[in-house]
Amino acid sequence: MEAKKLGFGMMRLPLTDESNARSVELPQVFRMVDAFLDRGFTYFDTAYMYHNFTSEEIVREAVVKRHPRDSFTVATKMPVVFLKRAKDHDRIFNEQLKKCGVDYFDYYLLHDLGRAHYKIAKRLDTFGYVAELKRKGLIRQMGFSFHDTADVLEEILTAHPDVDFVQLQVNYLDWENEGIQSRRCLEVARAHHKRVIVMEPVKGGSLAKVPPEAEKLFRSIHPDMSVASWALRFAASQENVMMVLSGMSSMDQLEDNMGFMADFKPLNEQEYQAIASAVGIINGTIAIPCTACRYCTDGCPQKIDIPKYFALYNADKQSVNQGFSIQQGYYETYSHGHAKASDCIACGKCEQICPQHLPIRQYLKDVAAAFEI
């Protein structure tokens with residue numbers, strides 16, 4: 001029987017103190033886990049650093065200790081960013097087995113690959129290490145989570161055809177975003193015949209609260225369905241998507257998601273058209289009205305990828321998450337080896353050619369202030 005497509009992301013669990021990521025409200029998590037399994041869902045996604053390095057232990061307490069091992073699947077990730085030497089692989093993996101309280105992981109990922117982290121993984125042969133774990137039966141499926149552009153994904157999948165799946169950021173607002181490239185990345189995975197697990201389908205909660213005009217449009221078609229349901233169903237409707245993760249922080253969110261994912265039905269043409277209209281409405285509220293024509297990049301003496309940085313800045317401003325920015329991660333990944341926004345010398349050539357007549361130099365200062373620490 002095929003697994004139901006909703007996965008429980010163990011990274012935004014309910015807290016007793018919003019300023020303390022370790023203050024997870026375990027009794028509520030227990031109830032949520034029980035309800036999730038009772039409805040036939042099985043997939044739990046955690047990682048080494050989630051909830052300030054405690055999420056894997058929470059999986060052990062809430063899931064592993066309280067339910068039969070064959071009733072659930074667990075995914076966790078090798079934190080490539082923390083790898084300094086090859087021997088770190090064993091140290092971290094053995095720690096993860098202990099923290100999760102399992103003998104094996106159903107799904108195991110290299111965490112957050114992009115240009116910079118992929119260099120680390122190549123230098124330390126992290127793909128080879130994880131492949132060996134699979135041969136030993138310590139993991140069942142190997143993959144990686146990815147935050148970068150489609151050309152980098154193409155490079156990684158071409159070099160490592162033995163991976164079983166890839167985890168991508170896919171949502172309807174990032175579908176054509178030049179900085180995130182949801183559609184293009186999904187197409188690369190599909191061309192390589194890789195199954196896809198979707199992360200950030202609701203953009204950290206941003207797509208659960210859309211402008212009133214967009215919400216009215218959604219309600220006119222499905223009065224009783226939540227705004228968030230449109231985002232999860234969009235992700236789950238894409239070809240070769242096997243699982244959609246949702247970081248649920250309350251029982252209400254869990255119940256809502258299970259309600260429409262228990263018997264999942266892909267979007268129909270009317271619903272896709274409504275989402276396209278909603279994207280237009282949401283994009284009308286963006287901070288920088290850049291059309292990504294790329295005229296500005298041709299004459300930039302610093303070779304700054306202005307449209308890409310503006311797209312990430314817009315996505316960041318639309319996010320409802322405070323204190324954690326996926327977009328900043330994309331920025332740091334891409335700017336590693338490329339010019340940063342702060343490298344602008346204020347020559348003004350970009351503004352002379354911009355068909356939208358944007359104050360690009362000021363916007364680049366805003367981008368640098370937002371993303372450069």
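The legends below accompany close-up views of a predicted model.

**View 1. Helices H1 and H3 pack against each other at an angle of about 55°.** Here we look at helix H1 (residues 26-38) and helix H3 (residues 55-64), whose axes lie 9 Å apart. With that angle, H1 is oblique to H3, and their crossing is right-handed. Which residues meet at this contact? From H1 come Leu-26, Val-29, Phe-30 and Val-33, and from H3 come Ile-58, Glu-61, Ala-62 and Val-63. Sorted by type, the residues of this contact comprise 7 nonpolar, no polar and 1 charged.

**View 2. Asp-88 and Arg-85 join in a salt bridge.** The N to O distance between the two side chains is 3.9 Å, which falls within the 4 Å cut-off for a salt bridge. Arg-85, at 45% relative accessibility, counts as partly exposed.

View 3. Glu-132 is partly exposed, at a relative accessible area of 31%, while Arg-135 counts as exposed, with 61% relative accessibility.

**View 4. Arg-190 and Glu-239 meet in a salt bridge.** Their side chains come to 3.7 Å, N to O. This pair links distant parts of the chain, its members being 49 residues apart. Arg-190 belongs to helix H8 (residues 182-191), whereas Glu-239 lies in the loop between helix H10 (227-236) and strand S8 (241-246). Arg-190 has 26% relative accessibility and counts as partly exposed. Glu-239, in turn, is exposed, with a relative accessible area of 53%, because exposed means over 50%.

**View 5. Glu-56, Glu-95 and Lys-99 form a network of salt bridges.** To finish, here is a linked group of residues. Side chains of opposite charge can pair when their charged atoms come close. In this view, salt bridges link Glu-56, Glu-95 and Lys-99 into a network. How many salt bridges does the model hold by this rule? The count comes to 25.

Definitions and conventions
Residues numbered from 1 in each chain as written. Predicted model: local features only at pLDDT ≥ 70, side-chain atom pairs only at ≥ 80, totals over all residues. Heavy atoms only, no water. Axes fitted to C-alpha atoms, helices over the stretch in contact; angles between N-to-C directions. Helix = DSSP H or I, 4+ residues; strand = E, 2+ residues; numbered from the N terminus. Parallel < 35°, antiparallel > 145°, perpendicular 65-115°, else oblique. Left-handed = near helix turned anticlockwise from the far one by under 90°. Contact = heavy atoms within 4.5 Å. Nonpolar A, V, L, I, M, F, W, Y, C, P; charged D, E, K, R; others polar. Buried < 20%, exposed > 50% of the residue type's maximum accessible area, 1.4 Å probe, protein only.
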